[in-house]
Amino acid sequence: SRWRVRADENWVSAEKGYSRETGNLLFHLSLLVILVAVGFGGAFGAKGTVIVREGSGFANNVTQYDTFTPGRLFSKDQLPPFSFTLRKFNARYQLGGQQNGAARAFSADVIVRDNPGASPLKKTIEVNEPLRIQGTSVYLVGHGYAPELTVRNAQGQVVWQDAAVFLPQDGNFTSTGVVKAPDTVPQLGIQGFFL
């Protein structure tokens with residue numbers, strides 16, 4: 001029965017199942033490989049986030065990111081020169097039923113250029129289906145609102161008019177934002193809430 005048996009005058013010993021130990025060894029070896037891969041990715045990779053409004057764009061340059069965290073061995077020269085414009089953001093929620101208002105689908109329709117001289121390509125970014133371009137993955141992480149606002153001075157002249165990004169604070173998209181109108185004297189800064 002494939003038992004390994006050792007016997008003496010006073011005792012008998014038997015064992016089997018070396019293949020089980022091989023599986024255990026392979027499991028721990030794979031964990032070690034994963035740790036090395038994570039360390040390698042952390043050292044040579046980079047991670048950044050940016051808020052892009054509908055109708056505006058993004059160029060893969062450090063100055064375009066809201067936050068950028070490079071690895072210790074990452075060089076800014078390694079950033080591929082792609083860009084994209086967000087044509088339309090689509091959100092779909094459940095209407096009615098027990099989970100009324102629950103998120104069902106998010107997607108972003110973008111126009112992508114591999115490099116500044118390349119032809120534009122239409123792509124769609126979805127949750128868990130990132131845009132993969134030149135070794136970089138662009139994920140759709142979150143969304144919110146950018147209300148269109150107009151700021152007028154005391155004489156009624158428009159001193160600032162644009163859509164301002166307001167950051168969601170909870171699941172109901174209660175949002176806060178800031179509007180800066182630097183061309184006024186004195187300069188204006190307005191904090192707002194979007195409910």
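**A walk through the chain**

Let's start with contacts: of those in the chain between residues at least 6 apart in sequence, 32% join residues at least 24 apart. Keep in mind that this is a predicted model.

Now for the overall build. The chain has 15 strands and 1 helix. Its radius of gyration is 28 Å, while the globule rule gives 16 Å for 195 residues, so the chain is more spread out than a compact globule. You can see that in the C-alpha trace too, which spans about 110 × 50 × 35 Å along its principal axes.

What about the surface? As for the inside, 19% of the 195 residues count as buried. Charges come as 19 positive and 15 negative side chains, and the centres of these two sets lie 3 Å apart.

Next, the rings. The structure holds 10 aromatic pairs. Take phenylalanine 58 and phenylalanine 84: their ring centres are 5.5 Å apart and their planes sit at 45°, so this pair is tilted. It also links distant parts of the chain, since phenylalanine 58 is in strand 4 (residues 57-59) and phenylalanine 84 is in strand 6 (residues 83-93), 26 residues apart. Phenylalanine 58 is buried because its relative accessibility, 6%, is under 20%, and phenylalanine 84 is buried as well, at 9%.

Another tilted pair joins phenylalanine 68 and phenylalanine 74, with 6.2 Å from centre to centre and 55° between the planes. Phenylalanine 74 has a relative accessible area of 17%, so it counts as buried. These rings come together in one aromatic cluster, made up of Phe58, Tyr65, Phe68, Phe74 and Phe84.

Methods
Residues are numbered from 1 along each chain as its sequence is written. This is a predicted model: local features need pLDDT of at least 70, side-chain atom pairs count only at pLDDT 80 or more; totals for chains, interfaces and linings use all residues. Side-chain values use heavy atoms; hydrogens and water are left out. Rings of Phe, Tyr and Trp (its six-membered ring) pair if their centres lie within 6.5 Å; planes under 30 degrees apart count as stacked, over 60 as edge-to-face and the rest as tilted. Helices (H or I, at least four residues) and strands (E, at least two) are DSSP runs, numbered from the N terminus. Buried means under 20% relative accessible area, exposed over 50%, partly exposed in between (1.4 Å probe, protein chains only). The radius of gyration is taken over C-alpha atoms; the globule rule is 2.2 Å times the number of residues to the power 0.38. Contact means heavy atoms within 4.5 Å. Lys and Arg count as positive and Asp and Glu as negative; His and the chain ends are not counted. The place of a charge is taken as NZ of Lys, CZ of Arg, CG of Asp or CD of Glu.
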